Amino acid sequence: DVTSQDFAIAIIGGGAGGVLTALHALRLAMAGTRIVMIEPATRLADGVAYATRHAEHLLNVPARRMSAFNDRPDDFVDFLVADDEGTREEIGISYAQRRRYGDYLRARLQQARNDTLAHFEVRHERVTAIEPGAGAWQLTLESGSLLQARGIVLAVGNTPKPLPARGASSRYPRGTVCTGRKTRLCKSAKCDDIRAPCKWCRPSRSPRRSPVRNRLPSASRNPC
C-alpha cells in the first residue's frame, strides 16, 4: 500500500556528505523535528571516498584537519586515540586510513541519534521521483511509498560516467569509465578516435583554453 509521511528534512544519500548533513541537522534540530535519510545501501558513510577496505588507501589530509565539527577541531583525532591507534601527536600529523573516517562518521552519527530529541530514521530505498507540492516536496520511493518533506538535501555523491556508445570496443566495453590519459580514451561523443584523448577531454594547462564551457561546479566533491 502507498503510504505518506511528513518530515521537516529529507536527506537523499547516506554517504559521507549525507551523514555529515545529518550530524549537524540533529545537533540543531528542536525536539520533535522529523528528519529522514534515504539511502539504498545498508552501511552508511560508505560512499566512493571511504568504502575502501584496503589499509594502504589513506586520506589526503592530516587527521588533525578532518574533524566533522568546527567547534571540536580534534574530534577525529580523539576518535582514533580512543581506539589506541597511537599518541595524539603522532595521529594528528598522520594520514589515517580512509576506511577509518567512514567508521568515525558512523560512530558520530550514532552518538548524535542517541543525544538528539529530534526524530531521525533511515529508509534503505531509492528515490525515484521528486515533485513540488503545496508547502512541501513529495518524494516517491522505489517501493511506492510517498514521503513529504519541507526541505530536501541532495547528497548523492559522484557517479562515474560510462563511455558513450560511439568509440566503445571489445577492449573497452560499454560501461567502462573513461579516465582520460590513463586509458588513452576519449570520453566525448564528439570524437571517434579512441587512440588518444581529443581536445574535449585532454587536460588543459589553463581553464581559459578549455573548449568545454559553462560546466556546472560541483558543490559536494570531497577533496579528502
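Does aspartate 78 count as buried, partly exposed or exposed, and what is its relative accessibility? At 32% relative accessibility, aspartate 78 counts as partly exposed; buried here means under 20% relative accessible area, exposed over 50%, and partly exposed in between (1.4 Å probe, protein chains only).

Before we go on, a word on what you are looking at. This is a predicted model, in which local features need pLDDT of at least 70 and side-chain atom pairs count only at pLDDT 80 or more, while totals for chains, interfaces and linings use all residues. Residues are numbered from 1 along each chain as its sequence is written, and side-chain values use heavy atoms, with hydrogens and water left out.

Let us start with the overall layout. The chain has four helices and six strands, in the order β-α-β-α-α-α-β-β-β-β along the sequence. Helices (H or I, at least four residues) and strands (E, at least two) are DSSP runs, numbered from the N terminus. Of the 224 residues, 35% count as buried.

Now back to aspartate 78 and its partner. Aspartate 78 forms a salt bridge with arginine 88, the closest N and O atoms being 2.7 Å apart; such a bridge is a side-chain nitrogen of Lys or Arg within 4 Å of a carboxyl oxygen of Asp or Glu. Arginine 88 lies in helix H3 and aspartate 78 in helix H2, so the pair ties together parts that are 10 residues apart in sequence. Arginine 88 is partly exposed too, with a relative accessible area of 38%.

Helix H2 (residues 75-82) also has a buried side, made up of Asp75, Phe76, Val77, Phe79 and Leu80. The cover over these residues includes helix H3 (88-93) and helix H4 (98-115). Phenylalanine 76 deserves a look: leaving aside neighbours within four places in sequence, this residue is in contact (heavy atoms within 4.5 Å) with residues including Leu59, Met66, Arg100 and Tyr104. Phe76 and Leu105 touch the most other members of the largest nonpolar core, which has 32 residues. A nonpolar core is a set of buried Ala, Val, Leu, Ile, Met, Phe, Trp, Tyr and Cys residues joined through side-chain atoms within 4.5 Å. Helix H1 (16-28) gives the largest share of this core, six residues.

Charged pairs turn up elsewhere as well, and the structure holds 12 salt bridges. Arginine 27 and aspartate 71 meet in one of them (2.9 Å, N to O). Because arginine 27 lies in helix H1 and aspartate 71 in the loop between E2 and H2, the pair ties together parts that are 44 residues apart in sequence. In helix H4, arginine 100 and aspartate 103 lie three residues apart, about one turn of the helix, and their side chains form a salt bridge (2.8 Å, N to O). Arginine 100 is buried, with a relative accessible area of 13%.

Finally, follow the chain into its later strands. Strand E4 (residues 127-132) and strand E5 (residues 137-141) pair in the antiparallel sense over five bridges, where pairing requires that DSSP finds at least two bridges between two strands. Four residues separate E4 and E5 in their hairpin, and glycine 135 takes a positive phi near 80° there. E5 also pairs with strand E6 (residues 146-154), again antiparallel, over four bridges. In the turn of the E5 and E6 hairpin, glycine 144 has a positive phi of about 100°.
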